[in-house]
Amino acid sequence: MDRMMEPSLTDIDDMIVHEKMQAALEHQNEAWADGMADGIEPEIIADAAIALAMRETVRLHGEEGAEAMLNSLRERMLAGEFSPQRTLQ
């Protein structure tokens, strides 16, 4: 195989992160479905998920890191990244 066709270490790292993100989303979807099956309202599940994510983010990256993540999420939300009507091109 031509060395030009081999993925770089950055490409491999990006693929690993992508695969981990997909696995994490699957786990989150399962937890969401379990909560719904137990009769927990979606708003409560969402609030609990966000609270846990913020606690862990503050623990891992401090309050400034958590604030930076929130700012990034806000920009992504305003850009429509999380909209259920969003279509990927």
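Visitor: Where is E30 placed?
Guide: In this model, which is a predicted one, E30 sits in helix α1, the helix made of residues 9–37.

Visitor: What about a nonpolar patch, which residues make that?
Guide: L9, I12, M15 and I16 make a nonpolar surface patch of about 380 Å². Of these residues, I16 lies in helix α1, and I16 is partly exposed, with a relative accessible area of 40%.

Visitor: Switching to salt bridges, how many turn up in the whole structure?
Guide: A search of the whole structure gives two salt bridges. In one of them the side chains of R59 and E56 meet, with 2.7 Å from N to O, and in another E81 is paired with R76, where the closest N and O atoms are 2.7 Å apart.

Visitor: Where do R59 and E56 lie?
Guide: Both R59 and E56 belong to helix α2, which covers residues 42–78, and they are three residues apart, about one turn of the helix.

Visitor: R59, is that buried or exposed?
Guide: R59 counts as exposed, because its relative accessibility is 57%, whereas E56, at 33% relative accessibility, counts as partly exposed.

Visitor: And what do E81 and R76 count as?
Guide: E81 counts as partly exposed at 31% relative accessibility, and R76 is likewise partly exposed, with a relative accessible area of 33%.

Visitor: How many positive and negative side chains are there in the chain?
Guide: The protein chain carries 7 positive and 19 negative side chains, and the centres of these two sets are 4 Å apart.

Visitor: Stepping back, how many helices and strands does the chain have?
Guide: The secondary structure of the protein chain amounts to two helices and zero strands. The radius of gyration of the chain is 17 Å, well over the 12 Å that the globule rule gives for 89 residues, so the chain is more spread out than a compact globule.

Visitor: What does the C-alpha trace span?
Guide: Along its principal axes, the C-alpha trace of the protein chain spans about 55 × 35 × 25 Å.

Visitor: Last topic: what share of the residues counts as buried, and how much accessible surface is there?
Guide: Of the 89 residues in the protein chain, 7% count as buried. The accessible surface of the chain comes to about 8,100 Å², and 58% of that surface belongs to carbon and sulfur atoms.

Key:
Residues numbered from 1 in each chain as written. Predicted model: local features only at pLDDT ≥ 70, side-chain atom pairs only at ≥ 80, totals over all residues. Heavy atoms only, no water. Helix = DSSP H or I, 4+ residues; strand = E, 2+ residues; numbered from the N terminus. Rg over C-alpha atoms; globule rule 2.2 N^0.38 Å. Buried < 20%, exposed > 50% of the residue type's maximum accessible area, 1.4 Å probe, protein only. Areas by Shrake-Rupley, 256 points an atom, 1.4 Å probe, with all protein chains shown as cover. Lys, Arg positive; Asp, Glu negative; His and termini not counted. Charge placed at Lys NZ, Arg CZ, Asp CG, Glu CD. Salt bridge = Lys/Arg side-chain N within 4 Å of Asp/Glu carboxyl O. Patch = residues over 30% accessible without salt bridge, like charges linked within 9 Å, V, L, I, M, F, W, Y side chains within 5 Å.
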